[in-house]
Amino acid sequence: MQQYNVIGIMSGTSLDGVDLAYCTFQFNTHWTYAILKAETISYSEEWKKILTELPTKNAETFVKVDSALGKLFGQLVKDFCTKHSLDPDFISSHGHTIFHQPNSGYTSQIGDGSSISAVSGFPVICDFRSADVALGGQGAPLVPIGDRLLFEEFDYCLNLGGIANISFEENNQRIAFDVCGCNIVLNALACRLGDEYDEGGKYAAKGTINNELLDKINKSGYFNKPYPKSLGREDLEVDILPVFDKPGMKVEDLLATFCEHIAQQIGKQTKSGNMIVSGGGVHNSFLLDRIKFYSKASIVVPDVQIINFKEALIFAFLGV
């Protein structure tokens, strides 16, 4: 029986850090997996600033940062392997998304694979989204093949990351799409209160839903589009975040309203059955409670390793 030992690297749009997961995969009538070691390494304030500002920089800066981030990833992997005495077959890196506009025919994830390999000393598989976009696909979400083969006992797989995405079986076909913005927006609002994120949803819990604002967000054109469809950071910056620049509104009210929006949009997609929920948004208990209120599916919260590292696990699997 073939066994693959892989380190998956995931850097999400919410900039909460670099996820490293050392995973094993085996196939014997069906796939099995184990996450043996996993860590999240936070970005420095300097790197957060670089990655946040990169979409507005020139081409030379873009290429320099692509290489530099690859070297950073490579060093993180090297240190991770030394710390835990690991010898993976290869590295599987998602990279960090800077641009994602599949309807215009492009997507871009930085963190140069050759630089990762040169610094870490391991073979690297990367650039997962470009081929799908080149073939006319959305390039996101990419986790559904992992959802189908590793988490087949669940009717729905929901990830609450920078963007909320979902996958499920429909007419013997795996359907997957981005549902709505999530932590990108929630974190941006929490920053107005001096925090990087709304821990446990404590601020949202104090807020009052603004139904006029909620209705406006829910009527955004994206939610009327049929799937397949996906969202980029820039879509949220153009269509959603400006809605929250309304003067005189308390940030707590904005957070409560956006949590309600997320929960309502997810509720629209889920019928009977069970749904595993992963990603940083699971730690927002207020948001999770609102999703439970609107969803017709039974919510399953997995162990903390799957909550935090499911995407890194699946990108390792995509490498396989």
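## The loop around Ala-140

Ala-140 touches His-100, Arg-129, Asp-178, Lys-229 and Ser-230, not counting residues up to four places away in sequence, where contact means heavy atoms within 4.5 Å. The residue is placed in the loop between α4 (130-134) and α5 (144-150), with helices (H or I, at least four residues) and strands (E, at least two) taken as DSSP runs and numbered from the N terminus. Ala-140 counts as buried because its relative accessibility is 14%; the term buried applies under 20% relative accessible area, exposed applies over 50%, and partly exposed covers what lies in between (1.4 Å probe, protein chains only). From Ala-140 to Tyr-294 there are 154 residues in sequence and 25 Å in space, C-alpha to C-alpha.

This is a predicted model, in which local features need pLDDT of at least 70 and side-chain atom pairs count only at pLDDT 80 or more, while totals for chains, interfaces and linings use all residues. Residues are numbered from 1 along each chain as its sequence is written, and side-chain values use heavy atoms, with hydrogens and water left out.

Val-143 lies in the loop between α4 and α5, and with a relative accessibility of 6% it counts as buried. Leaving out residues up to four places away in sequence, Val-143 touches Asn-165, Glu-311 and Ile-314. Val-143 and Cys-126 are 17 residues apart in sequence, and their C-alpha atoms are 14 Å apart in space.

## Backbone exceptions

Most residues other than glycine have a negative phi, and most peptide bonds are trans.

Positive phi values occur at Ser-85, where phi is about 55 degrees although the residue is not a glycine, and at Asn-172, where phi is near 60 degrees. Ser-85 belongs to the loop between α2 and β4 (90-101) and, at 66% relative accessibility, counts as exposed. Asn-172 lies in the loop between β8 (163-170) and β9 (173-181), and this residue is exposed as well, with a relative accessible area of 75%.

## Packing of α2 against α3

Two packed helices are described by the angle between their axes and the distance between the axes. The axes of helix α2 (residues 59-84) and helix α3 (residues 113-120) come within 7 Å and cross at roughly 35 degrees, the axes being lines fitted to C-alpha atoms, for helices over the stretch in contact, and the angles running from 0 to 180 degrees between N-to-C directions.

The contact is made on the α2 side by Ser-67, Gly-70, Lys-71, Phe-73, Gly-74, Gln-75, Val-77 and Lys-78, and on the α3 side by Ser-115, Ile-116, Val-119 and Ser-120. By class, the contact of α2 with α3 has four nonpolar, six polar and two charged residues, where Ala, Val, Leu, Ile, Met, Phe, Trp, Tyr, Cys and Pro count as nonpolar, Asp, Glu, Lys and Arg as charged, and the others, Gly among them, as polar.

## The largest nonpolar core

Of the 47 residues in the largest nonpolar core, Leu-160, Phe-244 and Met-275 touch the most other members; such a core is a set of buried Ala, Val, Leu, Ile, Met, Phe, Trp, Tyr and Cys residues joined through side-chain atoms within 4.5 Å. Helix α10 (residues 251-269) supplies the largest share of this core, eight residues. Leaving aside neighbours within four places in sequence, the contacts of Met-275 include Tyr-156, Leu-158, Ile-166, Ile-266 and Ile-291.

## Cysteines and a buried lysine

A search of the whole structure finds zero disulfides, a disulfide being a pair of cysteine sulfur atoms within 2.5 Å. The sulfur of Cys-23 is too far for a bond because the closest cysteine sulfur, in Cys-81, is 12 Å away, and Cys-23 is buried, with a relative accessible area of 0%. For Cys-180 the closest cysteine sulfur, in Cys-182, is 6.4 Å away, again too far for a bond, and Cys-180 counts as buried at 0% relative accessibility.

Lys-48 lies in helix α1 (residues 45-53) and counts as buried, at 17% relative accessibility. Apart from its neighbours within four places in sequence, Lys-48 is in contact with Leu-15, Tyr-43 and Glu-196.
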